[in-house]
Amino acid sequence: MRIITGSLKGRRLESPKNDKIRPTSDKVKEAIFSMLFDEFYDMPVCDLFAGTGNLGLEAISRGASRCYFADSARDSISLLKRNIAYCNVGDKAVLLAGDYVTALQRIREKISVIFLDPPYEAGYMQKAIETIDTLDLLEDGGSIVAEHSAFEKLDDSIGKYKKVKEKCYGKIVISIYRHP
């Protein structure tokens with residue numbers, strides 16, 4: 001697992017030692033950032049269910065002004081701290097420990113891109129997007145990038161967000177929702 005491009009290009013992130021954390025593969029991560037282009041440049045992003053911080057650190061490397069990293073698992077928080085320190089981006093990282101609802105409630109600004117990669121089949125995806133909608137966290141024109149299992153079908157619209165793109169990568173699907 002490495003940073004693909006940008007100011008941190010080539011840095012190898014610490015990976016989990018067990019299968020409790022499922023990092024996004026480099027292939028899927030590259031596809032995600034190709035779909036987004038630079039819509040997060042100099043803007044804040046959020047890596048919800050962050051795990052290793054792989055997606056948020058890639059966004060910082062590509063020019064995001066700040067990333068809110070949120071996770072509830074102790075192992076993930078520890079791994080996040082080490083990866084943020086290794087990349088020397090503590091000034092651009094805000095670590096939010098706790099469940100996703102509590103983490104989202106602590107964000108006090110509009111976000112350009114929110115990465116969602118919850119445990120597959122756990123039922124968090126729909127609820128997380130609805131919470132983002134209720135809290136009105138996504139800026140106008142902003143995106144929610146939802147990584148989920150091919151077995152989990154997401155509605156074409158959730159709250160005010162519309163699915164604008166969906167791509168399948170084997171057993172993984174990336175669905176992108178946009179704020180109108």
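The buried residues of helix α1 pack against α2 (54-61), β4 (111-116), β5 (138-149), β7 (161-169) and β8 (172-178). Keep in mind that this is a predicted model.

Q: Which residues of α1 are buried?

A: Buried here means under 20% relative accessible area. In α1, which spans residues 26-36, that list holds V28, K29, A31, I32, F33, M35 and L36.

Q: What follows α1?

A: Look at the backbone angle there: F37 comes after the helix, and its phi is positive, near 60°.

Q: How many helices and strands does the protein chain have, then?

A: There are 5 helices and 8 strands. Read from the N terminus, the order is α-β-α-β-α-β-α-β-α-β-β-β-β.

Q: What box do the C-alpha atoms fill?

A: Taken along the principal axes, roughly 40 × 35 × 30 Å.

Q: Which share of the contacts joins residues 24 or more positions apart?

A: A contact means heavy atoms within 4.5 Å. Among contacts with a separation of 6 or more, 65% link residues 24 or more positions apart.

Q: And how many of the residues are buried, as a percentage?

A: Of the 180 residues, 51% count as buried. The accessible surface of the chain comes to about 8,500 Å², with 49% of it belonging to carbon and sulfur atoms.

Methods. Residues numbered from 1 in each chain as written. Predicted model: local features only at pLDDT ≥ 70, side-chain atom pairs only at ≥ 80, totals over all residues. Heavy atoms only, no water. Helix = DSSP H or I, 4+ residues; strand = E, 2+ residues; numbered from the N terminus. Buried < 20%, exposed > 50% of the residue type's maximum accessible area, 1.4 Å probe, protein only. Areas by Shrake-Rupley, 256 points an atom, 1.4 Å probe, with all protein chains shown as cover.
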